[in-house]
Amino acid sequence: MVIDPTQRRGRDFVARHGETVFNAARRLQGDAPHTPLTRAGFAQAEEMGRALRAHLGARPKLTMWASSTGRALQTLAIIAEHLELDWHDARHDDRLIEIGMGAWGGRYYADVVDEVGPVIDERGLLRCAPDGERYEAIATRVGGWLADTADDDGDRLVIMHGISSRVMRGVMTGAPIDPCGAPVLPGHPQGTVTMIERGRETVVHLGTGHAPA
């Protein structure tokens, strides 16, 4: 069944988690399950929480979703505190995780670049590792999540990652297929929150992060 995400009944607030220790060390993070936030990452999560509190008020009627990775859950916990919502009510889904980087995962960018050349293109998209995940596969899994949750009513907060959120935002807004093989929207700094409503995206808060991808 084909799902049209532009017809969902409610708004989606899609956020990129805060800076992590891997980001600060310039290491390829990919689908690593737990790379903790740095102090800057916690500050970015605080900024997102304040921005969403200003936009939605206290205790909004909001379903919270997150990637199952530690960095997404840490970010969500801080935002939930600002919104006076119970973090334990959040839902997790592995389909919201970051692009899998295969054998490149966890390695320093500089070391991989020395071996294979640039791993980030001019649009900020990561080059796929030989044994890593392809962009088409990301579109399939986030599209599956969107299809399975298409009947959700009301607003949602979704904490994701740099690359996977670009693909999901592309799917949700009907962006054209990019040469990478999937619909993608421009990247945002860490700590950014955008709102997507009936296929249209607006920026709620522009983060202060500067990590690649």
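A residue counts as buried when its relative accessible area is under 20%. This cut-off is used in the legends below, which describe close-up views of a predicted model.

**View 1. Alanine 32 lies in the loop between helix H1 and helix H2.** H1 covers residues 21-25 and H2 covers residues 39-56. The relative accessibility of alanine 32 is 18%, so the residue counts as buried. Between the C-alpha atoms of alanine 32 and arginine 16 the separation is 15 Å. Along the chain these two residues are 16 residues apart.

**View 2. Six strands form an open sheet with mixed pairing.** The strand order is E3-E2-E4-E1-E5-E6. E3 (91-92) and E6 (200-205) are the edge strands; each has a single partner strand, so one side of each has no neighbour in the sheet. Strands of a sheet pair through backbone hydrogen bonds, either parallel or antiparallel. Here E1 runs parallel to E4 and antiparallel to E5.

**View 3. Strand E4 is paired with E1 and with E2.** E1 and E4 are joined by five bridges; within this pairing, the bridge partner of alanine 15 is isoleucine 159 in E4. Strand E2 (residues 62-66) is also parallel to E4 and is joined to it by five bridges. In that pairing, methionine 64 stands opposite leucine 157 of E4. Strand E4 spans residues 155-160, and six of its six residues are buried. In a regular strand the side chains alternate between the two faces of the sheet. On one side of E4 are Asp155, Leu157 and Ile159, and on the other are Arg156, Val158 and Met160. Both faces of E4 are covered, with these residues all buried.

**View 4. Strand E5 runs antiparallel to E1 and antiparallel to E6.** E5 consists of residues 193-197, and four of its five residues are buried. Four bridges connect E5 to E1, where phenylalanine 13 stands opposite methionine 195 of E5. Towards E6 there are five bridges. Valine 193 stands opposite histidine 205 in E6, and glutamate 197 stands opposite arginine 200 in E6. The hairpin of E5 and E6 has two residues between the strands, and arginine 198 in this hairpin takes a positive phi near 50°.

**View 5. Helix H6 is largely enclosed by the rest of the structure, because 10 of its 12 residues are buried.** The helix covers residues 162-173. From its first C-alpha to its last it reaches 17 Å, close to the 16 Å expected at 1.5 Å a residue. The buried residues of H6 are Gly162, Ile163, Ser164, Ser165, Arg166, Val167, Met168, Arg169, Gly170 and Met172.

**View 6. The largest pocket holds about 150 Å³ of space.** Its lining has 17 residues, and those nearest the centre of the pocket are Arg16, Gly162, Gly187, His188 and Pro189. Strand E1 (12-16) and H6 each supply at least two residues of this lining. H6 gives the largest share, four residues. By class, the lining of the largest pocket divides into six nonpolar, seven polar and four charged residues.

**View 7. The largest cavity holds about 140 Å³ of space.** It is lined by 17 residues, of which Asn23, Gln29, Glu98, Pro212 and Ala213 are the closest to its centre. The lining of the largest cavity has six nonpolar, seven polar and four charged residues. In the whole structure, a search finds three cavities of 30 Å³ or more.

View 8. Cysteine 128 is in no disulfide, and the nearest cysteine sulfur is that of cysteine 180, 7.6 Å away. Seen from cysteine 180, the closest cysteine sulfur is in cysteine 128, too far for a bond. The cut-off for a disulfide is a pair of cysteine sulfur atoms within 2.5 Å. Cysteine 128 has 17% relative accessibility and so counts as buried. Cysteine 180, at 17% relative accessibility, also counts as buried.

Note on methods:
Residues numbered from 1 in each chain as written. Predicted model: local features only at pLDDT ≥ 70, side-chain atom pairs only at ≥ 80, totals over all residues. Heavy atoms only, no water. Pairing = 2+ DSSP bridges. 1 Å grid on protein atoms, 1.4 Å probe; cavity = no way out; pocket = protein on both sides within 12 Å on 5 of 7 lines; lining within 4 Å. Points joined across faces, edges and corners; volume = space filled by probe spheres on them. Nonpolar A, V, L, I, M, F, W, Y, C, P; charged D, E, K, R; others polar. Buried < 20%, exposed > 50% of the residue type's maximum accessible area, 1.4 Å probe, protein only. Expected span 1.5 Å × (residues − 1).
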